[in-house]
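I open this notebook to record what I looked up in one structure. The entries follow the order in which I consulted the model.

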Amino acid sequence: MTVFFKKLIYKYLRRIWTQWYPALPMVELEDKHIANCTNLTNRLELLKQLPKHGIVAELGVERGNFSLEIINICNPKTLHLVDSWTTAAIEQECKQNLKEKQVEYHKEYSTTYLKLAEKNSLDWVYIDTDHTYNTT
């Protein structure tokens, strides 16, 4: 693709982006931003790349299906499940499949949890919250 067409497409996309999402920044990626990236086909492949036996948080848990994948693939020392759902509901849903000693439940917003978490207390965090720019 020629430089002319790249610039034209970028200009068009920028116009659409700023109309649809006026409060969100649009940043053009450069080669240096993706120089060491790895392409993954799905989030299970992502889990295979992440450190094992760590202290992990999953922000946005829903029914705990992906929590089970985190347990099975990464075998975290501790998995903090953070969501605004009722703790009893998620515990009941997860109890059969998750190793209870590895799991701590936090009924609160992810933004609150992260503000209260001790600095450098987590090895990694999987973010699957409400998918808004501000929350994420």
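**Notebook entries**

I began with Ser110, which, leaving aside its neighbours within four places in sequence, is in contact (heavy atoms within 4.5 Å) with Leu59, Val82, Thr129 and Thr135. I worked on a predicted model, where local features need pLDDT of at least 70, side-chain atom pairs count only at pLDDT 80 or more, and totals for chains, interfaces and linings use all residues. Residues are numbered from 1 along each chain as its sequence is written, and side-chain values use heavy atoms, with hydrogens and water left out.

I placed Ser110 in helix H6, residues 110-116; helices (H or I, at least four residues) and strands (E, at least two) are DSSP runs, numbered from the N terminus. Ser110 has a relative accessible area of 12% and is therefore buried; buried means under 20%, exposed over 50%, and partly exposed in between (1.4 Å probe, protein chains only).

I next looked up the largest nonpolar core, which has 15 residues. A nonpolar core is a set of buried Ala, Val, Leu, Ile, Met, Phe, Trp, Tyr and Cys residues joined through side-chain atoms within 4.5 Å. Leu47, Ile70, Leu79, Leu81 and Trp124 have the most contacts inside this core. Two or more residues each come from helix H4 (65-74) and strands E2 (78-83), E3 (103-107) and E4 (124-127); H4 gives the most, with four. I noted another core apart from it, of five residues, including Ala57, Leu59, Val82 and Tyr113.

Tyr12 counts as exposed because its relative accessibility is 51%.
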